[in-house]
Amino acid sequence: RGRVYPSDMSDAEWAVIEPLLPAPGWTLGRGGSPGSYCRRDIVNAIRYLVHNGPVWRALPADLPHWRTVYHYVRAWQETGATRRLHDQLREQVRVLAGRSPDPTAACIDSQSVKGADTVGKASRGYDAGKKIEGRKRHIAVDVMGLLLCVVVTAASVQDRDAARPLLWRLAASYRTVTLTWADGGYAGQLVTWTAATLHRTLQIVKRPDNLHTFKVLPRRWVVERTFGWIMKHRRCVRDYERLPEHHETYLYWSMIHIMAARLARRHATAPPAPGPASPALPQEA
């Protein structure tokens with residue numbers, strides 16, 4: 001393509017993502033032809049959609065057709081390729097930061113977002129506290145703010161009720177996570193249920209009662225920063241998806257965008273590997 005968009009991958013980002021993508025032509029668990037579109041253009045089209053938030057039919061004409069892009073998004077979602085790509089990038093980011101690939105602690109929180117008219121009535125609700133009608137996304141992140149698990153519900157669902165499937169999914173996917181931090185909204189029977197059922201520790205980080213000014217609370221700021229990263233992608237500012245699973249997919253793609261850029265910068269600034277030693281020159285007489 002002669003035109004370049006701000007959401008397009010650089011060569012360094014593509015070098016990070018390309019080895020982690022499914023084999024060409026592998027969709028919905030079945031083999032097939034490699035396809036007529038370059039996979040880099042497919043990923044650039046998905047990033048354009050997530051970053052800029054247009055409707056599907058408004059994808060630029062020089063990108064692959066929107067039906068083709070939608071097919072790849074749906075196929076990679078159903079086969080788990082998107083989640084595997086995200087998890088492998090997260091492990092690489094953690095290793096570059098000097099941490100173990102497997103997290104041992106997490107932090108959970110929720111965020112309500114407005115739902116468009118395309119959101120089905122059965123999966124939308126009204127959050128009376130935030131005065132928002134739409135959906136609520138419940139996420140778990142590690143100590144670096146990298147996404148671990150997502151559960152999308154109606155905005156009317158209480159945090160404590162949605163935390164149970166979130167913590168269950170977190171315990172099933174990451175057996176090394178034994179400690180989870182949460183705010184005061186998760187206090188109560190959820191702490192006891194987590195210890196008795198999941199054999200994990202849920203620690204509540206409470207806000208001081210005499211606090212009348214803004215203050216960064218320990219541990220809780222990490223998940224709030226992750227919400228800030230996600231909100232930089234316009235497709236995630238508002239929920240347009242008919243199914244909650246589709247919104248989860250775009251949350252993962254927003255974090256893929258962030259982690260690929262971080263890995264590309266780290267690889268670009270890394271010192272070059274030492275080459276073979278040059279042969280010694282003969283000394284002059």
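Where does H199 lie? From there, please turn to β3: how many bridges join strand β1 to β3, and with which residue does R135 form a salt bridge?

Analyst: The model is predicted, and the values below are computed from it. H199 lies in the loop between α6 (189-198) and β6 (201-204). The phi of H199 is near 55 degrees, which is a positive value in a residue other than glycine. Most residues other than glycine have a negative phi. H199 counts as exposed, at 63% relative accessibility.

K131 is not a glycine, yet its phi is positive, at about 55 degrees. K131 is placed in the loop between β2 (125-127) and β3, and it is exposed, with a relative accessible area of 61%. That loop is the turn of a hairpin: β2 and β3 form it with 4 residues between them, and K131 is in the turn.

The chain has 285 residues, of which 48% are buried. Its secondary structure comes to 9 helices and 6 strands. Among contacts with a separation of 6 or more, 66% involve residues 24 or more positions apart. The chain exposes about 15,100 Å², and carbon and sulfur atoms supply 53% of that area.

Strand β3 spans residues 132-141 and is mostly covered, with 9 of its 10 residues buried. Strand β1 (residues 105-114) is joined to β3 by 8 bridges, and the two run antiparallel. Within that pairing, S110 has H138 as its bridge partner in β3. Strand β2 is joined to β3 by 3 bridges, again with the strands running antiparallel. Here Y126 has E133 as its bridge partner in β3. Strands β3 and β4 pair in the antiparallel sense over 7 bridges, and A154 in β4 is the bridge partner of R135. The strands β3 and β4 also form a hairpin, with 5 residues between them. In the turn of that hairpin, G145 has a positive phi of about 85 degrees.

R135 takes part in a charged pair as well as in the strand pairing. Side chains of opposite charge can pair when their charged atoms come close. R135 forms a salt bridge with D239, and the closest N and O atoms are 2.9 Å apart. This pair links distant parts of the chain: R135 is in strand β3, while D239 is in the loop between α8 (234-237) and α9 (244-269), 104 residues apart. R135 and D239 are both buried.

R94 pairs with D142, with 2.9 Å between the closest N and O atoms. R94 lies in helix α4 and D142 in the loop between β3 (132-141) and β4 (147-154), so the pair ties together parts that are 48 residues apart in sequence. Helix α4 covers residues 81-96. R94 is buried, with a relative accessible area of 4%, and D142 is buried too. Leaving aside residues up to four places away in sequence, R94 touches R99, S100, P101, D102, P103, D142, M144 and L146.

One of the others joins the side chains of E241 and R235, at 3.0 Å from N to O. E241 and R235 are buried as well. Salt bridges that share partners also join R83, D87 and R90 into one network.

To draw the account of β3 together: the strand is mostly covered, it pairs with β1, with β2 and with β4, and its residue R135 forms a salt bridge with D239. In the loop between β3 and β4, D142 is tied to R94 of helix α4. In the loop between β2 and β3, K131 is exposed.

How values were computed. Residues are numbered from 1 along each chain as its sequence is written. This is a predicted model: local features need pLDDT of at least 70, side-chain atom pairs count only at pLDDT 80 or more; totals for chains, interfaces and linings use all residues. Side-chain values use heavy atoms; hydrogens and water are left out. Buried means under 20% relative accessible area, exposed over 50%, partly exposed in between (1.4 Å probe, protein chains only). Contact means heavy atoms within 4.5 Å. Accessible areas come from the Shrake-Rupley method with a 1.4 Å probe; for residues, only the protein chains shown count as cover. A salt bridge is a side-chain nitrogen of Lys or Arg within 4 Å of a carboxyl oxygen of Asp or Glu. Two strands pair if DSSP finds at least two bridges between them.
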